[in-house]
Amino acid sequence: MNKTYKIALGNLSKLYGRINETQQIYLPVRRGGTLNFEKWHESAVVDLHGLKTTNTPKDLFLPQSEDLYTAKMDGTNIEIITKDFFDNAFVIFGVKACDIEAIAVMDNIYLSKHPVDMYYEARRKNAVLVSLACNAPKNACFCAAFNIDAANPKGDVATWILGEYLYTQAQNGKGKAFVEDIMGLFEPAEADDLLGLKAEIAEKAQSLPYSKLPLESFTGENMMKIFDHENWDFLHRACIGCGTCTYTCPTCSCYDIKDFDKCSGTTRFRCWDSCMYPEFTLMAHGNNRLTQKERFRQRFMHKLMYHPMNYDGQFGCVGCGRCINKCPVSLNIVKIIKSLGVEVAENANA
Amino acid sequence: MQMPDMLIPQVGVVTEIIKETPDVKTFRVVNIKGNKAFDHMPGQCAMLSIPGVGEAMFSISTSPTNTKYMDFSIKRVGVLTEYMHDKMKEGDHITIRGPYGKPFPVDTELKGKNILFVGGGIALAPLRSVIHYVFDNREDYGYVDILYGARSVADLVYYKEIEKSWTQRRNTNVYLTIDRPDDEWDGNIGFVPDYFKKIGFSTDKVVVLCGPPIMIKFVMAVLLEMGFKKEQVYTTLELRMKCGIGKCGRCNIGDKFVCMDGPVFRTDELDHIPNEF
């Protein structure tokens with residue numbers, strides 16, 4: 001097992017400052033009532049005790065909008081001017097277990113199949129992920145349903161807040177190199193110090209209301225059974241197609257490619273998109289998902305069925321609960337899993 | 001040097017614009033040096049774009065055996081295609097990236113077989129790539145039947161080429177039909193599925209089927225009625241695409257991404273995914 005170190009919480013600013021000397025550091029910063037990953041500076045209000053950030057860490061790997069290249073036009077002549085790939089080392093600090101798992105989902109989509117997404121890859125390989133165990137998961141959290149361990153978050157380096165200390169353990173070679181670099185600020189600690197805290201977190205996570213969900217039916221052989229299920233007819237009804245769930249989801253990674261006309265040429269950029277919008281599939285000759293029911297169903301089928309089918313059973317949901325907190329009409333993936341999971345399982349047993 | 005990324009196109013030149021029908025033109029494209037932009041296989045597609053207007057996926061309607069240029073036969077239906085039809089001139093630049101998608105299995109499952117091509121309207125464009133490939137490697141394939149239909153004589157894409165070249169090939173039969181009677185037409189009148197039934201093909205062949213969804217549906221019904229199996233029939237799907245590399249999510253149906261797993265599918269594969277195409 002990797003060595004354990006600790007640092008007094010009071011000394012964390014020193015740690016951030018030290019990291020900041022060589023690379024940018026992003027961590028949960030409170031501003032105007034919201035908590036988000038922001039670049040650290042000396043007067044930033046860092047809050048490691050908050051449960052989850054409003055936006056997800058995906059912003060740092062798949063920015064909401066990102067320029068691809070510029071096409072300079074001279075009459076009808078075109079010149080393509082590419083831009084350099086992102087090349088700044090950075091640290092993202094205090095990522096919860098669910099959000100770390102979400103990055104693993106994105107890695108599969110963007111990096112596991114040829115051709116890889118080179119924009120995502122450039123950011124991803126420049127980043128050190130420092131995770132933080134969740135001391136106080138709340139009712140909307142359901143990472144346990146997906147076997148994600150809030151007490152033992154992954155990432156390159158894992159951290160825990162215990163009493164007045166932040167404990168840390170490198171999780172891989174990249175994390176080890178990172179920890180070695182800042183070792184001077186830490187003191188050695190015992191891994192066993194964390195046992196009590198980990199047991200407490202695990203018990204909390206398991207006792208949350210959505211910690212056990214009927215996910216067994218969401219396997220490839222039930223794809224058409226679930227797709228054709230009559231419950232979609234009422235499940236979708238409240239959906240207003242606002243796309244909030246998509247934007248606050250740590251695994252939603254579909255994008256649009258658009259043009260922005262500047263005087264100097266046309267900049268082609270990509271930006272987040274949502275399968276909940278009718279334009280998502282609109283073609284000149286028609287649209288293959290004409291109703292909100294079809295679009296609504298696509299989003300959940302993708303996360304619960306199609307993604308696991310393509311990636312060895314890995315669900316496209318990590319139970320972060322942001323859609324539960326943010327949906328203006330109180331729809332969320334838990335309702336879908338409960339409604340369809342239970343019925344399909346019962347019918348199979350009948 | 002920066003690595004080339006699949007989302008970044010190269011600049012191409014439209015060397016020739018050929019008017020095929022009142023709403024279909026063929027755009028001949030080479031790269032800036034005058035060569036073919038990249039290699040491809042029949043059935044694969046490319047992203048064409050005019051910056052500031054739009055970018056869209058089109059099937060390549062020339063065969064890989066053509067090493068000089070690529071043709072794109074394009075119907076005037078949307079923002080980008082209207083621009084290409086109405087404003088574009090020979091010599092204009094265009095951007096091109098690709099190739100994308102899984103091709104027709106011309107060197108495996110189609111090899112050595114008799115092939116029946118069934119097409120309707122603009123859908124002859126992707127079929128032409130396969131047809132040329134078969135003609136250029138004639139000894140690798142058996143008998144070729146081509147059944148093609150359009151709304152009217154004027155709407156038959158590649159009509160001159162069909163009459164002058166395709167009908168003259170050995171071991172090749174071409175059957176044409178139009179929807180409505182026309183004074184200049186002494187051939188068959190009627191829809192493709194009906195004409196198909198009237199001709200009555202034997203089942204000792206593979207079928208390559210492209211056309212509007214409604215035509216595919218009815219031809220499929222006739223094929224099954226005549227004893228063909230779904231495993232013998234290949235078709236293509238058309239969905240909205242942005243990236244072409246299975247990431248942007250638009251063309252996802254079931255566990256398939258049409259830009260990567262398609263656009264060519266054997267029709268029995270389609271039984272296992274939701275009917276959202």
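Into which domains is chain B divided?

**View 1. The domains of chain B in a predicted model.** In this predicted model, chain B is divided into domain 1, which covers residues 10–100, domain 2, which covers residues 115–227, and domain 3, which covers residues 237–277.

**View 2. Domain 1 of chain B beside domain 2 of chain B.** The C-alpha centres of these two domains of chain B lie 24 Å apart, and 16 residues of domain 1 are in contact with 13 residues of domain 2. On the side of domain 1 that touches domain 2, the elements that give two or more residues are strand 1 (10–21) and strand 5 of chain B. Sorted by class, this side of domain 1 has five nonpolar, nine polar and two charged residues.

**View 3. Helix 2 of chain B and the strands it packs against.** Helix 2 of chain B runs over residues 124–136, and its 13 residues reach 18 Å from the first C-alpha to the last, close to the 18 Å expected at 1.5 Å a residue. Because 11 of these 13 residues are buried, helix 2 of chain B is largely enclosed by the rest of the structure. Among the buried residues are B:Leu124, B:Arg128, B:His132 and B:Val134. The buried residues of helix 2 pack against strand 4 (54–59), strand 5 (70–75), strand 7 (115–120), strand 8 (144–150), strand 11 (206–210) and strand 12 (233–236) of chain B.

**View 4. Chain B where it touches chain A.** Here 33 residues of chain B are in contact with 39 residues of chain A. By class, the side of chain B that touches chain A has 14 nonpolar, 10 polar and nine charged residues.

Technical notes: Residues are numbered from 1 along each chain as its sequence is written. Chains are lettered from A and ligands numbered from 1 in the order in which they are written. This is a predicted model: local features need pLDDT of at least 70, side-chain atom pairs count only at pLDDT 80 or more; totals for chains, interfaces and linings use all residues. Helices (H or I, at least four residues) and strands (E, at least two) are DSSP runs, numbered from the N terminus. The expected span of a helix is 1.5 Å times one less than its number of residues. A residue is buried if 20 or more other C-beta atoms lie within 10 Å of its own, exposed if 12 or fewer, and partly exposed in between; C-beta atoms are placed from the backbone. Two residues are in contact if their C-beta atoms, placed from the backbone, lie within 7 Å. Domain bounds come from an automatic or database domain assignment. Ala, Val, Leu, Ile, Met, Phe, Trp, Tyr, Cys and Pro count as nonpolar, Asp, Glu, Lys and Arg as charged, and the others, Gly among them, as polar.
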